[in-house]
Amino acid sequence: MATASASGPVKDHPAAVTAVLSVVGYTLVVGTFLGVVPGSIFPDLSLEQVNRLSDAIAVVNTVATLSLIAGWRWIRRDEVKKHATAMASAFGLILVFLVLYLTKIGGGGTKEFVGPQLVYYAYLAMLAIHIILSIVSVPVVLYAIVLGVTHTPAELRDTAHARVGRVAAGAWILSLSLGVVTYLLLNHVYSWEFVEAAIVFV
């Protein structure tokens with residue numbers, strides 16, 4: 001991704017940068033869920049708007065998944081520029097997802113699955129894997145991205161980028177795919193109950 005090899009604090013300390021970015025991301029998401037983030041920063045969403053945001057999130061995640069798969073295939077063919085473009089696009093889409101997701105949770109609420117018990121358990125299992133992978137993949141993905149944007153392709157050969165990137169992409173693809181499947185089960189196959197956001201208005 002990078003075209004220059006000059007040193008700098010980000011390039012010299014990718015693990016520290018990854019840690020800081022991870023903490024910021026975790027804080028935003030957990031703070032929104034717990035109602036710690038002031039509700040005044042979120043728009044007051046109607047149920048219809050929450051549904052539209054859910055649809056938009058599913059589209060963003062689907063396109064991000066396809067970008068990741070394409071990037072994985074391209075690097076296996078040694079098409080580095082295409083790989084870098086695909087991975088950068090996927091990361092950009094995940095940032096879009098994060099904005100949409102936090103807006104939906106903070107300004108609207110969540111929907112709880114209503115359906116047959118057996119399907120409900122399968123839904124919970126997929127949702128749990130999706131959430132766990134989303135949480136644990138954050139620092140791995142960020143580390144691969146930080147290395148990618150601060151090193152030239154030649155320099156990346158001497159880093160953990162390829163090894164970490166394989167783990168990051170695999171976890172990311174599985175997490176996003178399960179997220180889309182649970183979205184379809186919740187919104188289009190079965191039914192749901194709406195739970196309003198627990199936010200603090202300041």
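This is a predicted model: local features need pLDDT of at least 70, side-chain atom pairs count only at pLDDT 80 or more; totals for chains, interfaces and linings use all residues.

Helix α3 covers residues 47-76, which makes 30 residues. From its first C-alpha to its last it reaches 44 Å, close to the 44 Å expected at 1.5 Å a residue. The same check can be made on helix α4, residues 80-107. Its 28 residues should span 40 Å at 1.5 Å a residue, and because the end C-alpha atoms are 40 Å apart, the two values agree. Just after α4 comes glycine 109, which takes a positive phi of about 155 degrees.

An unreviewed UniProt entry lists residues 15-36, 56-75, 84-102, 122-146 and 167-186 under "transmembrane region". Two of these spans can be set against the model. Residues 122-146 are 100% helix and 0% strand, with end C-alpha atoms 35 Å apart. Residues 167-186 are also 100% helix and 0% strand, and here the end C-alpha atoms lie 28 Å apart.

Next comes the packing. Two packed helices are described by the angle between their axes and the distance between the axes. Helix α2 (residues 14-34) packs against helix α5 (residues 117-150) at an angle of about 140 degrees, and their axes are 9 Å apart. Angles over 145 degrees count as roughly antiparallel, so this angle makes α2 oblique to α5. The crossing of the two helices is right-handed. On the α2 side, the contact is made by Pro14, Ala15, Val17, Thr18, Leu21, Ser22 and Tyr26. The α5 side supplies Ile135, Val136, Val138, Pro139, Leu142, Tyr143, Val146 and Leu147. Of the residues in this contact, 13 are nonpolar, two are polar and none is charged.

The spacing of such contact residues has a simple background: an α-helix has 3.6 residues a turn, so residues three or four places apart point the same way.

A second pair is formed by α4 and helix α7 (residues 161-189), which pack at an angle of about 45 degrees with their axes 13 Å apart. That angle makes α4 oblique to α7, and the crossing is left-handed. His83, Met87, Ala90, Phe91 and Ile94 of α4 meet His161, Ala169, Trp172 and Leu176 of α7. The contact of α4 with α7 divides into seven nonpolar residues, two polar and no charged.

Notes: Residues are numbered from 1 along each chain as its sequence is written. Side-chain values use heavy atoms; hydrogens and water are left out. Helices (H or I, at least four residues) and strands (E, at least two) are DSSP runs, numbered from the N terminus. The expected span of a helix is 1.5 Å times one less than its number of residues. UniProt positions are given in the numbering used here, feature names are shortened, and annotations may be inferred rather than shown by experiment. Axes are lines fitted to C-alpha atoms, for helices over the stretch in contact, and angles run from 0 to 180 degrees between N-to-C directions. Angles under 35 degrees count as roughly parallel, over 145 as roughly antiparallel, 65 to 115 as roughly perpendicular and the rest as oblique. A crossing is left-handed if the near helix is turned anticlockwise from the far one by less than a right angle, and right-handed if clockwise. Contact means heavy atoms within 4.5 Å. Ala, Val, Leu, Ile, Met, Phe, Trp, Tyr, Cys and Pro count as nonpolar, Asp, Glu, Lys and Arg as charged, and the others, Gly among them, as polar.
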